[in-house]
Amino acid sequence: MQIVSMPSRLIEKQLLSEVYSRNFIAAQILPGRQLADEGVPKETIDQRCREIAQERTDEYVCVSGEIGDKFLDDIIYRLNELAEAPDFQIISGTFLRQTLVLVWNSFEVFCRDMLEQVLNAEPYLVDRLRNSIELKKLLDLKNIPLETLQSFDFNVSNKMGTILIERSDFSQLHVAQAFLAPLTTGDEDASKAIFDDQLYYLNRCRNLVVHRRGIVDAKFKRTTKCNQEIGEELDFSVLQLEMHARNIAKICNSIVKGVSKSLEDYRRVPQAYCG
């Protein structure tokens, strides 16, 4: 959730820059003048002033190994000022909605990378995908472009994952489910994770932000039972974003365990994967 914390990090950076500048000016006024009176070269004086400024700034940030109270109070004060600014209130909603898209993208990237590696290494698993209506056209290998085959020197024995994933749109949850469900058969936790209600809601929100600028429409209300009115901008909090991010991590972990179990089952009883 580093993106969500960007405002506080920007304020922290600005605050430290201001504090350092004040400390540097103060160091030039007293220690700097004393050193100049003693005939110390200007470059040496400037270097010493920078060291003093950094030492005093570090003391402001950290006191006895703990974050300084004054430092925290100043950050909170500026965040409150920022939150009350009308322009920021408008921007913050857009900022959160874009962050929601990135949270979904983390799941999308996980699916693409994990499935590509697994199907490349274990191409027999493609056989488990044959009964999926969603993937039927995708798995029609006669439709693979000649250019794709040429790029692999006509040897796709360890490139099935790459070929299939490149032709798939994982921004749509049902595509990910079509791939993952057959590869986690028999694992209850993985099955629940793949068809998790919150994952579905996150995907619907993602599509609303990307395709409708986050404006609630009738379809979104009907498919998610959203309480907001049609025409309103999708509204949610940082805490909800954090909940979705944690849920994505939990879901990915369950999927990895489910796929791993399928691989172990195959190695133990390979006939179960035939036909």
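**Salt bridges, burial and surface**

Student: Glu188 and Lys192 both lie in helix H8; by about how much of the helix are they separated?

Tutor: Helix H8 covers residues 188-194, a helix being a DSSP run of H or I with at least four residues, numbered from the N terminus (strands: E, at least two). The model is predicted, so local features need pLDDT of at least 70 and side-chain atom pairs pLDDT 80 or more, while totals for chains, interfaces and linings use all residues. Residues are numbered from 1 along each chain as its sequence is written, and side-chain values use heavy atoms, without hydrogens and water. Because Glu188 and Lys192 are four residues apart in H8, their separation is about one helical turn.

Student: What is the N to O distance where the side chains of Glu188 and Lys192 meet?

Tutor: Side chains of opposite charge can pair when their charged atoms come close. Here the pair forms a salt bridge, meaning a side-chain nitrogen of Lys or Arg within 4 Å of a carboxyl oxygen of Asp or Glu. Both Glu188 and Lys192 are exposed, and their N to O distance is 3.3 Å.

Student: In the salt bridge of Glu242 with Arg246, which residue counts as exposed?

Tutor: The two residues lie four apart in helix H11 (residues 238-268), about one turn, and their closest N and O atoms are 2.9 Å apart. Glu242 has a relative accessible area of 30% and is therefore partly exposed. At 57%, the exposed residue is Arg246.

Student: Is Gln177 buried or exposed?

Tutor: Gln177 sits in helix H7 (residues 173-183). Leaving aside residues up to four places away in sequence, Gln177 touches Pro182, Ile194 and Phe195, where contact means heavy atoms within 4.5 Å. Its relative accessible area is 15%, so Gln177 is buried.

Student: What percentage of the 275 residues count as buried?

Tutor: The protein has eleven helices and two strands. Among the contacts with a separation of 6 or more, 68% join residues 24 or more positions apart. The buried share of the 275 residues is 38%.

Terms used:
Buried < 20%, exposed > 50% of the residue type's maximum accessible area, 1.4 Å probe, protein only.
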